[in-house]
Amino acid sequence: MAQALSERTIALVKATVPALEAHGLDIVREMYSRMFQNPEIRDLFNQSHQGDVGSQPRALTGAILAYAKNIDNLSALAAAVERIAQKHVGLQILPEHYPHVGNALLGAIAHVLGEAATEEIMTAWGEAYWFLADILITREAAIYEDLAAAHGGWNGWRAFEVVEVRPESSVITSFVLKPKDGGPVLRHRPGQYLTFWFDVPGHAPIKRNYSISCAPNDETYRISVKREDKGLASGWLHDNARVGMVLKVGAPAGDFFLPETPQRPVVLLSGGVGLTPMVSMLETLVAEKTDTEVHYVHGAYDAGAHAMGPHIRALTAAHPRARSTVFYEAPANDGDGHDHAGRISGAWLSQQTPIQEADYYLCGPRPFLRALVSDLRDAGVPADRIHYEFFGPADEILAA
């Protein structure tokens, strides 16, 4: 267990908060520049989130600032630490990677802050980094151990064969995956994701997370992937993944999932391809014949972009307390496949879902999450009843 930080170290780190607020993004960009000089470390990261407009530098800047502000109250960061640990396990981050990150961070702080980065400040930040690193390493070791011991579980990258490719809409395709070794698969928690290692010709290895879009079972996983504009991994999958292709896959991970026995009504809110974890949750609730009241609420651009519509209708028809509502932002005149025109709103949710009782699960693009998380909080839904997953690293979306 990490040794407690001294009062002096805590005071020195908190004293750097103004400097981090002013120069944090420059520090993080310098840090990544240093780390990525090592190809082994560079290849651990999703490169689409880097760069001047990338979301990862901003996300890490916010995380470092939050750590500095809360270093004397780390319980406030417990949820964030768990989310980071889950992401690290998906990416196969190991203890030997932490010194590279620490050296890059401390070097970046010294470089950007210059004379203000005194020896005392640098020593304090070194202690603070390794204090948090030890917490993460310990938690990640426990997750790896649990995955290896579980029925169908594994560590590292496991070979999976594509056994089915099914178009779901004009932009979303599902891929069903089965272990090449013929063994069982770990029964994921509905809402979790798989991490993939793609070897795309002409590029460094690519790592991506894709939510599992089916209920837990012992044999296969299904992912449902949107072809993103300029999306290297999603475009490669859509263009190249065929039955028989073998992919490298990490074990299920993630801290966004449905509890085994929901205690309250469940509202599944999704926008676009954000439906993927919600379908996993809905399939699970139907398969387990729960008595839970379920509201599936989905927003798509139009009928062409709407994935799995008939499948969702069949699922909700099979559950006596399930209801499906679909919004199209730009519906055609045929009126097929949707219930309302426009976007999902907080006002509609307040009127049509059990706002005073339900747990809300959200997944979708950042604007979707920004709007609805804010609306739900404004409607008085406590933070512990709002659960969300997002694609890419966390940023300011949920700092309300």
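At what angle do helix 2 and helix 6 pack, and how far apart are their axes? Before the answer, a quick word on the model: it is predicted, with local features needing pLDDT of at least 70 and side-chain atom pairs counting only at pLDDT 80 or more, while totals for chains, interfaces and linings use all residues. Residues are numbered from 1 along each chain as its sequence is written, and side-chain values use heavy atoms, leaving out hydrogens and water.

Helix 2 (residues 17-35) and helix 6 (residues 98-113) meet at about 130°, with their axes 8 Å apart. Helices here are DSSP runs of H or I with at least four residues, strands are E runs of at least two, and both are numbered from the N terminus. Axes are lines fitted to C-alpha atoms, for helices over the stretch in contact, and angles run from 0 to 180 degrees between N-to-C directions. That angle makes helix 2 oblique to helix 6 (under 35 degrees is roughly parallel, over 145 roughly antiparallel, 65 to 115 roughly perpendicular, and the rest oblique). On the helix 2 side, the contact (heavy atoms within 4.5 Å) includes Ala19, His23 and Ile27, and on the helix 6 side it includes His100, Val101 and Ala104.

Now for the sheets. Strands of a sheet pair through backbone hydrogen bonds, either parallel or antiparallel. Two strands count as paired if DSSP finds at least two bridges between them.

| Strands | Sense | Bridges |
|---|---|---|
| Strand 7 (residues 266-271) and strand 11 (residues 359-363) | parallel | five |
| Strand 1 (residues 158-167) and strand 6 (residues 246-249) | antiparallel | four |

In strand 11, Asp359 is the bridge partner of Val266, and in strand 6, Val249 partners Arg158.

Last stop: His88, in helix 5 (residues 78-90). Leaving aside neighbours within four places in sequence, His88 touches Ile93, Tyr98, Leu136, Glu140 and Tyr144.
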